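Keep the sequence and the model side by side as you read.

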Amino acid sequence: LMSDLSRRDFLKKSGIALAGMMVAPTIVPASVLGKSAGYTAPSDKLNILGVGIGGRGAADLAAMETENIIGLCDCDWKYAKHIFDKYPNAKRYSDYRRMYDDMLKDADAVMVATADHTHAIIAADAIVAGKHVYVEKPLTLYPYESRLLTNLAKKHKVATQMGNQGASSAGSRKAINWLQNGEIGEVTRIESCTNRPIWPQGMPTPKEAMKVPKTLNWDAFIGPAKFRPYNAAYTPWNFRGWWDFGSGALGDMANHILQVPFRGLNLGYPTAVIGSSTMLMSDSCPTAEKITFKFPARDNMRRLALPAVELTWYDGGLMPNLPDNMPAGKKFDPNGVAVLYGTKDTMVVSTYGYDPILCSGRDPEVPAVCRIVEEDNHQQDWIRACKESPENRVPSESDFEFAGPLNEMITMGVAAVRLQGLNQWLDWDGENMRFTNIPADATISNVIEDKFQIHDGHPTFDRTYTEPVNANLYAEQLIKPVYREGWVLPDMPVL
């Protein structure tokens, strides 16, 4: 069998006449037509729509400028003005549904970088229409949505990529090569952390209903979430700190930090999880968290046995201890780190998979087990995959076949934090996406407002709580959300 790299070379160099006898590539590479290096024929370019462009989407679009950016959408035209101005020939919209009605038929692909809670529905609508999608991390807000996108992408044979850009880095490939070559031995413990959040969290629900700015389409921002009055505390940027719109530090950064151990060790579904945090508010993510996952033993690799693993995540300033044998002068990347403890060595991997080190000080050259790519450009890796036919496509580095299960695990961890009031390990049936050991009569309630005060040295604990709800029903809605009326995901079996 040819390797991924040699197959790509074959398709590029053998000529379309031969390849066409089997399955022709979707878009003919200019090199096959005899064009000079650096030339890109108009027919080679994708027509891309951008949804959510004022923040991270701006950087994604900048990395996609080799293509035709034909339409742009953002619910906040003030926040996105600099990007609208940067691409004056692209049509402008404040609601992705209007843009899809007008332009989806003319598009090849869609870049999605909206608030987390709208990733799934915007991407799903594009995939069903046969369009390739690039979706910023976290892929979705709920496990069910991740499974749905994974299955839809497979059914419709589109090229996909989640925006955890470090997955395309040389550092990530080096770390995975070390792991799978057995350089640190069997791994049974992983510790990871991030310095996020760097946005407000742990807040009560705003009581003031503010006037919606003229430049903001508030209904489009709310999307499938439960409607609430506008308040400047929610957007832009701060959406990550609210349960209905984001998933806090875990959702924001774990797709970057945990992608190396998840891929390198074939972690798959956890079997149990437990979460804890600072005060758990009903509406806002906590300021700091600790979540521990248990993974079962997996089938061994050629050079590496895969025993059961315990993975612990910290955020909000909480951090694991430095390894006992951490090289002198080395410290954790303040943005985040994954520490993998093996029977032979310990590996420390910085945020995004960058700069892996072995605590022994070794820097071994090992056989490559990861796909060799031409450059560490996550967006261009996706564009390359879009231009290859489904039958001959080499999946991008964070194709949904990988990114979907990774994000499922992470969003399940978010659910565990929100279920911490049960004070127990939660057994997880990954295949069927459900917690299996929550007592039938258990209830959950969270803090709405904390009015803790001290008068003359005497503390007063005055907290308002939500009404208790059945914990099993609550858990089901943390796995598969209930959308606002008028917002519907494509109907497809996911189990």
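## Inside the sheet

Gly-275 stands opposite Ile-291 in β9. This is a predicted model, in which local features need pLDDT of at least 70, side-chain atom pairs count only at pLDDT 80 or more, and totals for chains, interfaces and linings use all residues. Residues are numbered from 1 along each chain as its sequence is written, and side-chain values use heavy atoms, with hydrogens and water left out.

Strands here are DSSP runs (E, at least two residues), and helices are DSSP runs too (H or I, at least four residues), numbered from the N terminus. Two strands pair if DSSP finds at least two bridges between them. By that rule β8 and β9 pair in the antiparallel sense, over six bridges. On to the next partner: β9 and β10 also run antiparallel, joined by seven bridges. Glu-289 has Asp-315 in β10 as its bridge partner.

How much of β9 is buried? Five of its seven residues are, so β9 is largely enclosed by the rest of the structure. Buried means under 20% relative accessible area, exposed means over 50%, and partly exposed lies in between (1.4 Å probe, protein chains only).

In what order do the nine strands of the open sheet run? The order is β13-β12-β11-β7-β10-β9-β8-β14-β15, and the pairing is mixed. β13 (357-358) and β15 stand at the edges with a single partner strand each, so one side of each has no neighbour in the sheet.

Helix α10 (residues 248-257) packs on this sheet. The helix touches β7, β9 (289-295), β10 (309-315) and β11. Contact means heavy atoms within 4.5 Å. The direction of α10 makes about 130 degrees with that of β10. Such angles run from 0 to 180 degrees between N-to-C directions, with axes as lines fitted to C-alpha atoms, for helices over the stretch in contact.

Now take β7 (residues 187-194) and β11 (residues 336-342). They pair in the antiparallel sense over seven bridges. Thr-194 has Gly-336 in β11 as its bridge partner.

β8 (residues 272-277) pairs with β14 in the antiparallel sense, over two bridges. There, Val-273 stands opposite Leu-426. Two bridges also join β14 to β15 (residues 434-435), again antiparallel. Trp-428 has Phe-435 in β15 as its bridge partner. β14 and β15 form a hairpin with four residues between them. In the turn, Met-433 has a positive phi of about 55 degrees.

Glu-136 lies in the loop between β5 (132-135) and α7 (143-156). Is Glu-136 buried or exposed? It is buried, with a relative accessible area of 3%. Not counting residues up to four places away in sequence, Glu-136 touches Arg-56, Asp-60, Val-112, Ala-113, His-119, Met-162 and Gly-163.

Arg-92 lies in β3 (residues 91-93). This residue is partly exposed, at 36% relative accessible area. Leaving aside neighbours within four places in sequence, Arg-92 is in contact with Leu-72, Trp-77, Phe-84 and Asp-85. Arg-92 and Leu-72 are 20 residues apart in sequence, and 5.1 Å apart in space, C-alpha to C-alpha. A polar atom of the Arg-92 side chain lies 3.2 Å from the backbone oxygen of Phe-84.

Terms used:
Polar contact = N/O pair within 3.5 Å; in protein donor to acceptor, adjacent residues only side chain to side chain.
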